Amino acid sequence: MSAFRRGFFCIGLSYASNLGRLSGALVRRQAMKIPTVIRKNWISLSAIGGLCAVPFSQKQDNLSHEALVRRASSLVTDSTNTFLSQTTLALVDSFTQYVKTIHTLVTLHKHYVASGSKLTPSEEDSVWQVIVRQRQEVSDLREDCKRFESNWMMAINLSKLAAETACNAGADQASVTAQTSLQVAQSHVNQIRQLFMEAEKKLKESKAEDSQRIKLPAAMEEEDIPEAYLRED
């Protein structure tokens with residue numbers, strides 16, 4: 001039985017070896033079909049039995065290293081400008097929604113405080129539940145603002161670095177474009193941030209986020225209780 005297993009194992013090794021040689025030959029034949037110029041521009045890496053190719057651009061005949069670096073730095077500024085634009089839009093939208101939600105909560109809370117004692121228990125409960133939901137929405141939006149602001153600050157730092165890199169590489173137009181994008185983004189965020197801070201101040205002064213529920217008089221609480229439950233036997 002052990003002799004049979006050894007024989008079977010040897011057959012398996014022979015088959016695997018032949019399969020490996022066949023795969024290598026197929027890869028070499030496929031690679032030879034690629035034009036010589038393209039083959040020279042690729043670095044082939046063997047990883048876990050597979051063939052992985054990483055593009056490697058050589059210097060073109062008509063372009064110097066400086067020109068290629070300048071072009072690459074321009075591409076970097078294009079990417080950072082896109083990232084900055086998207087993060088700015090997300091931050092401005094989140095701030096705007098946050099400010100609107102605060103105004104809604106403050107107005108609702110003011111109405112609740114002014115007329116809460118005049119409401120029936122069912123009306124008071126309905127208004128209070130709306131206030132609770134608005135408070136939760138304000139809290140959720142505040143977290144969104146923090147997350148988007150973190151992304152925006154990262155985009156700002158990347159854009160500054162890209163602008164500086166483009167300037168050092170001689171890509172003056174790309175550097176100017178990046179700096180202009182920075183100024184526009186910061187201007188938009190500063191405007192909405194002012195509204196954000198005013199809304200935060202108004203929310204704190206109104207105490208709409210942490211005030212306690214109005215306690216209705218006992219007589220009003222008993223109005224909706226059927227008379228049969230109030231009679232003594």
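What follows is a sequence of selections, each with a short account of what is there.

**The whole chain.** Begin with everything selected, bearing in mind that this is a predicted model. The protein holds 7 helices and 2 strands, and reading along the sequence gives the pattern α-α-β-β-α-α-α-α-α. If you colour by accessibility, buried residues account for 24% of the 233 residues, while the accessible surface amounts to about 16700 Å², with 58% of that area belonging to carbon and sulfur atoms. Turning to contacts between residues at least 6 apart in sequence, 74% of them join residues at least 24 apart.

**Helices α3 and α4.** Next, select residues 65–115, which form helix α3, together with residues 121–169, which form helix α4. How do the axes of these two helices cross? They come within 6 Å of each other and cross at roughly 160 degrees; since an angle over 145 degrees counts as roughly antiparallel, α3 and α4 are therefore described as roughly antiparallel to each other. The crossing in which α3 passes α4 is left-handed, and the contact of α3 with α4 has, by class, 29 nonpolar, 13 polar and 6 charged residues.

**Asn81.** Staying on helix α3, pick Asn81, which has its place in that helix. Is this residue Asn81 buried or exposed? Its relative accessible area is 13%, so Asn81 is buried, the cut-off for that class being under 20%.

**Asn168.** Now move to helix α4 and select Asn168, which is found there. Asn168 has a relative accessible area of 62% and is therefore exposed. With a distance tool, go from the C-alpha atom of Asn168 to that of Ser73: the two residues are 95 apart along the chain, and these atoms are separated by 9.4 Å.

**Lys207.** Finally, select Lys207, which lies in the loop between α5 (172–206) and α6 (218–221). Its relative accessible area of 54% places Lys207 among the exposed residues.

Conventions. Residues are numbered from 1 along each chain as its sequence is written. This is a predicted model: local features need pLDDT of at least 70, side-chain atom pairs count only at pLDDT 80 or more; totals for chains, interfaces and linings use all residues. Side-chain values use heavy atoms; hydrogens and water are left out. Helices (H or I, at least four residues) and strands (E, at least two) are DSSP runs, numbered from the N terminus. Buried means under 20% relative accessible area, exposed over 50%, partly exposed in between (1.4 Å probe, protein chains only). Contact means heavy atoms within 4.5 Å. Accessible areas come from the Shrake-Rupley method with a 1.4 Å probe; for residues, only the protein chains shown count as cover. Axes are lines fitted to C-alpha atoms, for helices over the stretch in contact, and angles run from 0 to 180 degrees between N-to-C directions. Angles under 35 degrees count as roughly parallel, over 145 as roughly antiparallel, 65 to 115 as roughly perpendicular and the rest as oblique. A crossing is left-handed if the near helix is turned anticlockwise from the far one by less than a right angle, and right-handed if clockwise. Ala, Val, Leu, Ile, Met, Phe, Trp, Tyr, Cys and Pro count as nonpolar, Asp, Glu, Lys and Arg as charged, and the others, Gly among them, as polar.
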